[in-house]
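Please keep the sequence and the 3D view open as you go through it.

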Amino acid sequence: MATIEKRVSKEGKTSYRVKVRVRGFPPESGTFERMSDAKRWAADTESAMKAGRYFGASKRHTFKELCEEYEKHAAGLRSFDDRQRHLERWRSEFGPDLLSDITPQRIMKVREKLLAEPTRHTTRATGDSEVDAKREMGKRSGPSVNRYLASLSAALAYAVKPLGWIESNPVERVTKSKEPPGRVRFLSDDERARLLEACRPHADLYLALVLSLTTGGRQSEIMGLTWSQVDFSRKTLTLIETKNGDRRTLPLVGEAFALLQERSKVRSLKENRVFVPVKEDGKQRSLREAWERALARAEIENFHWHDLRHTAASYLVMSGVSLVEVAKILGHRTLAMVARYAHLADEHIVATGEKLAARLGVA
């Protein structure tokens, strides 16, 4: 039995979505610009199914073909590099296979393989080649494997719609690893003072640290900052291409403002980036080694660069800034991501309750 649904896009373009269901066959669908084409395809498909001559789109396209189509579609996404890396792994598993052969069971087997693979060292490098050579390798974490599954799911969702190559996404029936509770590691007053002092000798590192602490910006947002995003008159930094795609404005205050203003006086007119990559011995200089050394000098453990963002958010909440305002500064669309900081605002919550009691006359 075939059903035809008329659709009209926001641009006013009309199309016809056809679904054919025949007992013993998975449903097949297709989209056409003309009703006559839709009816013809529906009749031919239904007839071929009943005669045993129809094999469906999922039996005509391979996973490799899907990856090629999806990568064209996803090339402009900020997360494209990660997705492409994940898909390369899935391609090594499913590449020549037909989409109809990619089942939840097969995906689960690859998931278990990913979880069992050693991928990273469990301790930081010491600089001693002999000691570092003996470092143990840790296995890929459950949340990391979830990212692999998310990339696969995005590609297969593209096969469902708009390509119409498969009827449903098999990843939806795959069990995901439990995500850990949101990490909230932030600097204490003493740690903050020690880290600032340890980073001060390195101009780029110190500026990046101060900007991260005072704006709550992501590492990629800070390190990718350009002079065209800096507005000294308004004391703001404008982020256009953010993680969630929304334009965002950050405050440029205090020492961060002074340091940037000083740097702007001697910047190259040929380079628009605030942090200009410098090559040493043919290799591009990275702040990672300087950051690791600063953490060691400051005797700060279990701390990552992203925790500077947590530090900014935590201090904002402890200063009485509402979660709504914190979400706006950090660039979160919902309060779910900043709810982890709510427990830091107990004193503010009590003060708010006291105001309510006074207003009600029951203080």
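A contact here means heavy atoms within 4.5 Å. With that in hand, among contacts in the protein chain between residues at least 6 apart in sequence, 57% join residues at least 24 apart. Please note that this is a predicted model, where local features need pLDDT of at least 70, side-chain atom pairs count only at pLDDT 80 or more, and totals for chains, interfaces and linings use all residues. Residues are numbered from 1 along each chain as its sequence is written, and side-chain values use heavy atoms, with hydrogens and water left out.

**The chain as a whole**

- The protein chain has 14 helices and 10 strands; these are DSSP runs numbered from the N terminus, with helices being H or I of at least four residues and strands E of at least two.
- Of its 363 residues, 38% count as buried (buried is under 20% relative accessible area, exposed over 50%, partly exposed in between, with a 1.4 Å probe and protein chains only).

**The three-stranded sheet**

- Look for an open, antiparallel sheet of 3 strands in the order S1-S2-S3 (two strands pair if DSSP finds at least two bridges between them).
- Strands S1 (2-8) and S3 (28-32) are at the edges with a single partner strand each, so one side of each has no neighbour in the sheet.
- From one strand to the next, the twist averages 20 degrees.
- S1 and S2 (residues 14-20) are joined in the antiparallel sense over 7 bridges, and Val-8 stands opposite Thr-14 in S2.
- Helix H1 (residues 35-50) packs on the sheet and touches S1, S2 and S3, its direction making about 10 degrees with that of S2 (axes are lines fitted to C-alpha atoms, for helices over the stretch in contact, and angles run from 0 to 180 degrees between N-to-C directions).

**Ser-15, within the sheet**

- Ser-15 is in strand S2, and it counts as buried because its relative accessibility is 18%.
- Leaving aside residues up to four places away in sequence, Ser-15 touches Glu-5, Lys-6, Arg-7, Thr-31 and Phe-32.

**Leu-360, in helix H14**

- Leu-360 lies in helix H14 (residues 346-360).
- This leucine, Leu-360, counts as exposed because its relative accessibility is 58%.
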